[in-house]
Structures are given as structure tokens and as C-alpha cells.
Amino acid sequence: MSTEFHWSRKDLLGIAELEPEEITAVLDAAESFQEVSARAIKKVPTLRGQTVVNLFFEASTRTRSSFEIAQKRLSADGLNFSVSGSSLTKGESLVDTALTLQAMAPDLIVIRHAYPGAPQMLARRLAAGVINAGDGAHEHPTQALLDALTIRERKGRLDGLKVAIIGDIEHCRVVRSNIHLLTKMGSEVVVAGPRTMMPAAIAKLGVTVSYDLDEAIADADVIMMLRIQLERQSKMLFPSTREYFRLFGLTRARLQAAKDDVIIMHPGPMNRGVEIASDVADGSDSVILEQVSNGVAIRMAVLYLLAGVRQAVA
Amino acid sequence: MSLLIKGGRLVDPTQELDGELDLLIEEGVVARIGPDLEPGEVEATGGEVRDATGLVVTPGWIDMHIHLREPGEEYKETVATGTAAAAAGGFTAVACMANTVPVNDNRSVTEHILGEAERAGYARVHPIGAVSKGQQGEELAEIAEMVSAGVVAVSDDGLPVANSALMRRALEYAQHFDIPVIQHAQDLELSAGGVMHEGEWSTRLGLPGWPGAAEDIVVARDVLLTEDSGGRYHVAHLSTARALDLVRQAKARGLRVTCEVTPHHLLLTDRLVADSGFSPDVKMNPPLRSEDDREALIAGLIDGTVDAIASDHAPHHRDEKDVEFSLAPFGIIGLETNLALCYDRLVRPGLITLSRLVELFSTGPARLLGVPGGSLAPGSVADVTLFDPEAKITVAAESFRSKSRNTPFEGWTLRGQPVGTIVGGRPVEFPS
Amino acid sequence: MPRIRSLENPLANRRTILDAEQMQRVIRRMAGEIVEKRGGTDDLVLVGIRTRGVPLSEQIRDYIREMEGVELPLGVLDINLYRDDLSTVAQYPEVKESRLPGPIDDQIVVLCDDVLFTGRTIRAALDALIDYGRPRSVRLVVMADRGFRELPIQPDIVGHKISTKRSEMVEVRFEEVDGSCGVDVIETGEGE
């Protein structure tokens, strides 16, 4: 054993509370799980008999599929519990949903919810381990971890890199987790986007703020483009997709400012021609599909570590 | 029937008194104050003598901003439970906001509230009427009618008077009755969707922010309107440094502009949303602000800009609060924690004197609302609060008389416990 | 059953069963037995179970190379994902890669591990192996067999059979992992 490190968390609610060693532990474990996905028989019996509920209050085909595949490869019994429609419509309260689930004695719950703090609320009430699969604009820890794994694979490290995150910094669900993770691991993070989508006091999270794409990506090792939600236009945040692309769309020409070996990331789904030009998205610098396959490995690692803690406690 | 309160520390800012003084009450009014008043005569005439050694004796405390929820939402609170909570919290009077169901925009609702208060008998209740019919923000409510039924101020609290023309007319019209117009200062567009103060913590938590400017803009507009109309304007639950500055400047210009602040805005900040793990019991309107704002409010207490402390006691049922932070209703309760919180966290550390606290919780509200109380000068109505400044309490919502439990102060250990109230010379008995 | 490194417990009562030199002789003998039982080296694949089955398999390979002039393919198996007790995860969060030298279909896999105890590790290793292919047969080689089997699993080749008490622990040390070589029995005082 190389370290004294022990994983002790029952839940993965956010990156904000993780120590760098914990982040490294998940990334290391995920690397081993990549090997499982590369086998002919892509399945190990590790979580045999474990019940995992995928509790999705918002549709998210990508994240849910990724978790489902991870569960299948670990032989866990996954159950999809989709709550259709917005929680704003009068339905069962989250507490009642939680109690209902509790009665089914799941081991782990993966939750996606529109509102920040919903996973915390579940974690406080349930014996099951809770994995946050995105709570509003708050945290989306497995996305940040899979991004980090992708960067580490390509760059061999996380410290000392310049990472530019471009787009809707205020509303995009992956931003905060990525900022926490990258700054904890020693990367230099620059965020850039329209002033109308830049949250108050974002600099307090340890990032440099820019309002200019070219400035932000200059000498960048990594560029993360964020999805622009087109419905935001109606909220006075930007006048048109055409104008957005003109200011913050990533094109091959503008990419020249970045380092030669820059990698381009995007959490998906992409709006081609809005935040990113197709030739950049499909170009050789793009690691967007690696992010997707790393997502499965990260989720396997997280399921594995949390299930272990739960068993040790039980 | 007379009542002699002996041996307590009597604090009355209106007479600049703070010392070991006895208080004699006769026929429901203050008869005499002095050192070592003789109990013999009181006892001889069948009166009562009460030993207040170790206690503080002050003019009765008035919470000028609470929600009793009756009529219409009796599952959250009633006049009876709310006033019992008030009495237990050391209050002899409360002023209740008009956002009931139906809205208190007419005589019959006002009379219903007063009738229930009379029946309960725990504390005086001063209803505040709506500014606009149905709090719709369009037409003036029948203010004269409500005033004749007992309303002491008007406010659409819960909602702002957003329409500038309506605000102007309200400030003008209310002058006929010399009552203040109390504004819930919130720009509804700027605060739209916001669930907490916009700043570092809303950014960290990814929660939609509610900028301080949403409050400041409304106060600024209203101060300008007051300057033209000459009316009396009062800012409810003022929460930002800049709004406080606007009030300070308005006062300096001689305008009749006043404000109240809440204990939670004086003691808590937006960071608590994170530290509490998104507890819906730290969600209120206006939201907890930044540390800079909090410090400015304390400075406003000290320099006299703040006229009153009020709880904005806003009961909500447990089931309503036990939801996602974003979906929870705004509001927390305060009647049963106000005194201990303010005494322990403002007076004991020496931020303000006990006399100033009495001003903020008694004299100020009485003067603002033009209601009896606020002074123990001979001839004043005998509304008295007694509390033990040394008694240690641990806040436990389960023991509240209020029907609701939504407090962010659960588990706080504080010094200062109300031990009794006297309303109109009569000691109040409230359910234990 | 988490293993406790004896270094963490200096007061433990330790007796040495094999010293470094004796251990080398035993491994050399085991290498010879493997070849002898097979009647050569055809289709043999050595697979070491992490952690201490790995240096054992390497040394066996070296001896076979020395004796037969043949370099046997060598693989590493991490059985963490195949354990029947998830509660060990918290203690050993690391999952290391399994690496087999090539397809194991129709090969004769020689599983190497340091200590054979309950048999649960070998059960897990067999499950893991099967996920990689279908070997013609699997043989088990262990440095020390200390008894107390909980599953019907027996070794084909044993370095040293030791009779122990439940409260004792058997430790096989390798230069590469532990900085020294030898086989010890340690009284932990934590018996049932």
C-alpha cells in the first residue's frame, strides 16, 4: 500500500468538500476501471446484489446512460426512478419520495435535480449513499472528475495547467465543480463569457475572470466550452445566437492563440455553430468523445468507493 | 387594584432611567417610580407586591412587524397562538401585517383580528391595513374605514407597493390619519427568481441571486416621493447597507423616514445558507445579506438611524418548509427568540446599551405606530416587560407557543429570558 | 479479513519459519515442480495475484528461465473487483490494473499467491480469470498454506505447509514489496 489513504465518504455531493487526495483516489480508481470497459466481457461482479436507484427529476439522457452503464459493468441492480415534469408542479414532495425510496432499501441513489441542495437533503435523511448527478447550477461532481481524468490522461498532470472555461458561467451546471476541482489540483483557471452570464464574486472561487475569448484562451492548455441554453435569450442575457457566436464562439482561427497541444472539451450536448464551430468540435484537438468514455469509468469508480464505505459501515 | 414591582433594574429611555427602582402601578397606569417604594400601603389596600430582584423591568416590548396568519392560514398560526408566543417572548404588543386570506383591507378583517386578540388576552394587537385593495397594488384600500376600526399603519408587506403612482398617493392619503406607510422594499423584476442574497455564496451554491439593489432602488424612489408628498415612510425589515444610507440621508434632510431591522439580519449572513446545508429555515424575504451589510446594520443601531427592531415573525407549517431550498416559502419566526438574541448578542458584548435596546423594541415602535406604551413615565399605560438577564436558555423550537417551528436559531445558547409581561397593569398568564 | 502489516505492531510475537535463503530454495523447488508436473513448459502462463503473488510469480519465471531456457508469459491479477466482501473497499480504495500477457484460452494458467488461508482470494481470482477467457486448466501455487479453509480449494504446489492458530498471521515477505525476504508467523493476540 503506497498511502495510508482511506476513502470514508458515504455520499458524493460535491467537489467543494473533497480533499485533493480524495480526488486523486477517484481518478486512480477510474483508470483501473477503464481496463474493464476495454475487455471483451465488460462486467465485473463487484457490486453484485447492490441496488442503485437513478432518481432523475430532470431529463438527462447522457448522465443517466453513463451511470446506467457503469452500474451494469459493476453488476449492480440499477433502477430508474424518473420523476416526470417539474417539481414546481404539485407532486409528491422530495421528502416523501425519499421515504418511499428508503422503504425499498437501496444501497446507492444517484440524483439529478433542478434545485441546488436537493442531494444534501436526501443524504441527510437516507441511509443509502447519495451521488449528486447535478443539482441545478450548484455541483456536478462526476462531470468534473471525468473532465479531470481526461485532462490528466492527455497532459499527464493537473497542476500547472492553464484551463479556460468559456460560456455561461452563471447557469451552467458543470462550472463550479470544475473550478473547485481544478483549483484544488493546482491548475490555473480562467473563466470567460458575457458579463450577463458572469456570477457575482466568481473571482472568490480562485479564478481569473475575463470577458474576452481571445484573452482567455491565450496560452491555454485546455479549453472547456460550455453549452449555451438557447432559452436564455428570453431572459435578456444575450440578444441572439449569431451575436453569441461572434463574441464567444470557438473557431479554428481563434484557436491559434492557445498552446499548440491544446485540448478542447465540451460537456455536451453541443450547439454547433453557437458556442463551438464544427471543425473545432470534430478536430484533432477535441477530446469530447474521450470525456464520454471516461464518464463511465469515473462513475464506476465512484459507485465502487461509496458502496464499499456503505458496506463497511453496515 | 395596585401592583408594586420591587427590587428590579428599571430601564426606561424616555425618562433616562437605568437603576434599581421600584415601579408602582395603579388602575392600569404607572403611578410612581422610585427607590424603595413602601409595600405597606399596597398590601393594606389588597394590592400585590412582586419581587423583581435580579430582573430587568422595562416598558412593554412591541414587535411592530409580525404575521399572525389569521384569518385564512390558521394552520400556520392564529391570533391566539401568535399572541401567546408574543407574551412568552416578553412582548406586550404586536403589529400584524395585512397579508392574510382574505387580505386585511377592510373593517371586518380588522375587527375579527382585534376580537380574537381580545378573547385570547395575551398581548395587545395592532393590525396594519393593506395599502391597496387585495394587496393588488392597483387601487388604494379604504384606509379611513380601517383606521376607524383600529388599524395603526398601512402596508402591502409580503409584497412591495411597486407602482410609483400608487406609492405617491398612499403617502399623501395616509397623512389624513397621521399613520406611516410601511414599505416592503423589493423590486420584483430585479429579484425575480432569487432565493438568496446575490454574492459570493449564491455563486458558490449556484442559487439564483437577489441583489441588494432590488431593495435599494425601491427605498431610493420612495424617499424621493416622501420628499414631495411630506408623508411618513417606514422601511420594513431593511437589510442592506445602501438602503440604510438612504434612510440616514433622508433623516438628515429632515424627512419623516424611518426603518426597522430584524434580529436575523443583525446576526446572520448569506454564508449560513451554505453552512446550514441549504436549510429552508435560513430562507427569508429579504434574504440574509453579506457581512458588510450586517455590520452596517449594527452601525445603524448604534448611530440611531435604525428606529426599531422587529422580528418579521413569519410562521410556516413544517410540511411547507421541509422541501428543496428553492421551493420553500420565505420567512422565519422570531417572537420567542427576539429578546434573548438581541440581549445576548447586542447588549452583552457591548454593541448597544440596554437602554438603546429598549428604545428599539419599545419606545421606537410605540412612537412610530402611535400606540400606547413605550414609556414608564407616570401616567403612561402600565405595559411592562420583565426579563432575567442572566438566565441561560437554549433555543428549542419544540417548546415554542407559536404553531410553527421555522427558526434558524435552533440550539443557540443565549442569556436573557423573559419572565413575564404586564398589559394595562394586569400580569399576563400565558400557556406554558 | 484485512491483513495487518507486522511493522505496525512491533510488539507482536514473531517466529521465522523460512529465512531468505530457505525461501529461495523453496521457490526454486516449486518452479521445478511446475515444469515437472506439466512435463515441460508448453502453454504455461504464470499469473501473480496482487500484491505478493506478483513477486512470487516473477521469481518462478526467473527460475524456469534458468532451468529450461524458456521465458514464460507473465500476468498480474488484481482481485479487488471480485471480492465477496465490499467492506474492504474503504480500507483499500485502490483498484490496480489487471494485466494478462495475452489470450488465456486453452492455456494452462498457474496462479501464484503468497498465503493460502480461507480460499476466498483464490475463489475471486478464478472468477476474474474466467472473465478473460477459458483456460484449459488452472493450477494453484502458494508460498505458504496455513489451513483454515472456508471454501473447497486446494493448492497444487505448496512452498511450505504451516500449522497455525486462528489468532496467528502468516506473513510472506518479498524484497520488492517489503524490503526483505522470509516467511514468519506472528501471534496477533486477536484470536477468536
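Colleague: How much of chain A is buried, and what makes a residue count as buried?

Modeller: In this predicted model, buried residues account for 51% of the 314 residues in chain A. The word applies to a residue with 20 or more other C-beta atoms within 10 Å of its own.

Colleague: How do you know whether the radius of gyration of chain A agrees with that of a compact globule?

Modeller: The globule rule is 2.2 Å times the number of residues to the power 0.38. For 314 residues the rule gives a value near 20 Å, and chain A has 19 Å, so the two agree. Along its principal axes, the C-alpha trace of chain A spans about 55 × 50 × 35 Å. The chain contains ten helices and nine strands. Of the contacts in chain A between residues at least 6 apart in sequence, 76% join residues at least 24 apart.

Colleague: Which domains does the assignment give for chain A, and what makes up the contact between them?

Modeller: Domain 1 of chain A covers 20–138 + 293–313, and domain 2 covers 141–289. Their C-alpha centres lie 26 Å apart. The contact takes 19 residues from domain 1 and 18 residues from domain 2. On the domain 1 side, α1 (20–38), β4 (129–135) and α10 (288–313) of chain A are the elements that give two or more residues. Of these, α10(A) gives the most, with seven residues. By class, this side has ten nonpolar, seven polar and two charged residues.

Colleague: What makes a set of residues a nonpolar core, and how many residues has the largest one here?

Modeller: Membership requires buried residues of the nonpolar kinds listed for a core, joined through C-beta atoms within 7 Å. The largest core has 282 residues, and those with the most contacts inside it include A:V26, A:A301 and B:V154. Its largest share, 13 residues, comes from α10(A). The core draws at least three residues from each of domain 1 and domain 2 of chain A. In soluble globular proteins, nonpolar side chains tend to be buried together.

Colleague: With which residues is A:V26 in contact, its neighbours within four places in sequence aside?

Modeller: Its partners are A:L145, A:I298, A:A301, A:V302 and A:L305. A contact here requires C-beta atoms within 7 Å.

Colleague: How many residues of chains B and C are in contact with chain A?

Modeller: From chain B, 18 residues are in contact with 20 residues of chain A. Helix α6 (residues 200–205) of chain B supplies the largest share of that side, five residues. The chain B side divides into six nonpolar, seven polar and five charged residues. From chain C, 15 residues are in contact with 22 residues of chain A. The chain C side comprises seven nonpolar, three polar and five charged residues.

Colleague: How do you know which parts of chain C to read with caution?

Modeller: Chain C averages a pLDDT of 89, and 90% of its residues score at least 70. Over residues 1–6 of chain C, however, the pLDDT is below 50. Beyond near neighbours in sequence, that stretch has eleven contacts in the model. Where pLDDT is low, the predicted coordinates should not be read in detail. The model as a whole scores ipTM 0.93 and pTM 0.90.

Definitions and conventions. Residues numbered from 1 in each chain as written. Chains lettered and ligands numbered in written order. Predicted model: local features only at pLDDT ≥ 70, side-chain atom pairs only at ≥ 80, totals over all residues. Contact = placed C-beta atoms within 7 Å. Helix = DSSP H or I, 4+ residues; strand = E, 2+ residues; numbered from the N terminus. Nonpolar A, V, L, I, M, F, W, Y, C, P; charged D, E, K, R; others polar. Domains from an automatic or database assignment. Buried ≥ 20, exposed ≤ 12 C-beta atoms within 10 Å, placed from the backbone. pLDDT = per-residue confidence, 0-100.
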